[in-house]
Amino acid sequence: MQGPAARRAAKPPGVGRERAEVANGSAERKVYMDYNATTPVAPEVMEAVSEAMREAWGNPSSSYTAGRKAKEIISSARESLARMVGGRPEDIIFTSGGTEANNLVIHTALRHFQESREQGRDGPGDSGPRAAGTTPHIVTSSVEHDSVRLPLEHLVKEGLAEATFVPVSARSGQAEADDVLAAVRPTTCLVSVMLANNETGVIMPVPELSRRIQALNQKRAAAALPRILVHTDAAQMIGKGRVDVQELGVDYLTIVGHKFYAPRIGALYVRGPGTTAPLHPMLFGGGQERNFRPGTENTPMIAGLGKAAELVSRNWEAYEAHMQDVRDYLEARLEASFRKQRIHLNSKFTGSRRLCNTCNFSILGPGLQGRRVLSCCKTLLASVGAACHSEKGDRPSSILLSCGIPYDVAQNALRLSVGRDTTRADVDLVVQDLVQAVAQLDQD
């Protein structure tokens, strides 16, 4: 009979089966701990993709059997994604991935602002959005993914928008609701704050933010000011905790398949697309996805996304409990092996919740930059931060610096993120690997 600790660490259903990889021509055990960067495709998802390729290869807009089957699969997947996030099937728009979904929201907010401004021109006394200013303004946080930050920087450079990047609190690691609201202007048309940060794992106060913006929008409507739309990128949260759009209160929510054991495809939740919340297409073509995202649907990948969503809906609580148990064990083993004085946990902030699977830490000491430590590891597969920042060399993560982590500590940072299949035995191997890597560097 298993004890409580063994039961907590037992693997939940629907997990991946990856255990080892062949390196340098010989079988060498590797432990992957970079699940925030990407996840392997779950076996059940692979089967759904394969079946769609075999049985539903037809064009979903066609009336013959393979086409009808493809359309049925897409409809079923839409229902599964809606169920996973607490929305309606008609609120789900399939995209190529998270980057497209985030860009689509920004594009929509700008178009909606301009339309509101045009309508305001015809109002009594020519008041309204036009009187408030001509350039749309967007508020986001200083720790957003590049697929939010870079489009905004580009729009600002082109003079097409203004943007405020609200710093996160060094106390909480969050973009505080008070600070976000303080950045709002009469021309603000969008607030976009991620649900959970990919490097620290800190969960942002999105429900509070949505409630306060909803109240603010009522006052803005009376003053003929543009409505502020609310968006959150939920890439890191899905599959690791509860995600319910009704509780979050957002207009838009980004879904990224490869973060929860699905293929590299995504979706955008829109609260009543084109009615309750505006949605303006960036592409024009054959009218698929109700003209919001035209292009012949990628049926196999959509099938995989739908199956992955089913797994999350059924098992997210088990996934969360398992990953938190393993993550907590990892942090305890790190502190025991290196002494608390030599370990700084960069992802622990007072009063903030964080993702169940994320451990961002630094081993203190000269010459122990994160990349150097990883280069000496023989077992651990991980990263120093976001995979999309991998070309930045030994420069510390701007996200950690934004959170108030000292430069020399941030420079030594490692981000370990566990998955559904990670075990305590894996943790023991990783910590042993880190101990030998640090011992080697200490001797250099």
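By helix I mean a DSSP run of H or I with at least four residues, by strand a run of E with at least two, and both are numbered from the N terminus. Before going on, this is a predicted model, where local features need pLDDT of at least 70 and side-chain atom pairs count only at pLDDT 80 or more, while totals for chains, interfaces and linings use all residues. Residues are numbered from 1 along each chain as its sequence is written, and side-chain values use heavy atoms, with hydrogens and water left out.

So, is Met323 buried or exposed? Met323 is buried, at a relative accessible area of 3%. Buried here is under 20% relative accessible area, exposed is over 50%, and partly exposed is in between, using a 1.4 Å probe and protein chains only. Setting aside neighbours within four places in sequence, Met323 is in contact (heavy atoms within 4.5 Å) with Gly239, Lys240, Cys356, Asn357, Val418, Gly419 and Arg420. Then there's Asp421, 98 residues away along the chain from Met323, with 8.6 Å between the C-alpha atoms.

That takes us to Thr422, in the loop between strand 14 (413-417) and helix 14 (424-443). Thr422 is buried too, with a relative accessible area of 2%. Its side chain reaches the backbone nitrogen of Gly419 at 2.9 Å. Not counting residues up to four places away in sequence, Thr422 touches Tyr32, Met33, Tyr35, His322 and Val326. Look at Tyr32 in that list: Thr422 and Tyr32 are 390 residues apart in sequence, yet 8.2 Å apart in space, C-alpha to C-alpha.

Next stop, Asp34, which lies in the loop between strand 3 (31-32) and helix 2 (43-55). Asp34 is buried, with a relative accessible area of 11%. Which side chains does the side chain of Asp34 make polar contacts with? One is Ser383, at 3.0 Å, and another is Arg415, at 3.1 Å. A polar contact is a pair of N or O atoms within 3.5 Å; within protein, one must be able to donate a hydrogen and the other to accept it, and residues adjacent in sequence count only if both atoms are side-chain atoms.

Back to helix 10, and how it packs. Helix 3 (residues 65-85) and helix 10 (residues 299-338) pack at about 35°, with their axes 8 Å apart. Those axes are lines fitted to C-alpha atoms, for helices over the stretch in contact, and angles run from 0 to 180 degrees between N-to-C directions. Among the residues that meet are Ala70, Ile73 and Ala77 in helix 3, and Ile302, Gly306 and Ala309 in helix 10.

Now the inside. The largest nonpolar core has 97 residues, of which Ile238, Leu253, Ile255, Phe361 and Leu434 touch the most other members. Helix 10 gives the most to this core, with 14 residues. A nonpolar core is a set of buried Ala, Val, Leu, Ile, Met, Phe, Trp, Tyr and Cys residues joined through side-chain atoms within 4.5 Å. A second, separate core has 22 residues, including Leu110, Phe113, Leu155 and Val270.

Zooming out to finish: the protein has 14 helices and 14 strands. Of its 444 residues, 55% are buried. And of the contacts with a separation of 6 or more, 73% are between residues 24 or more positions apart.
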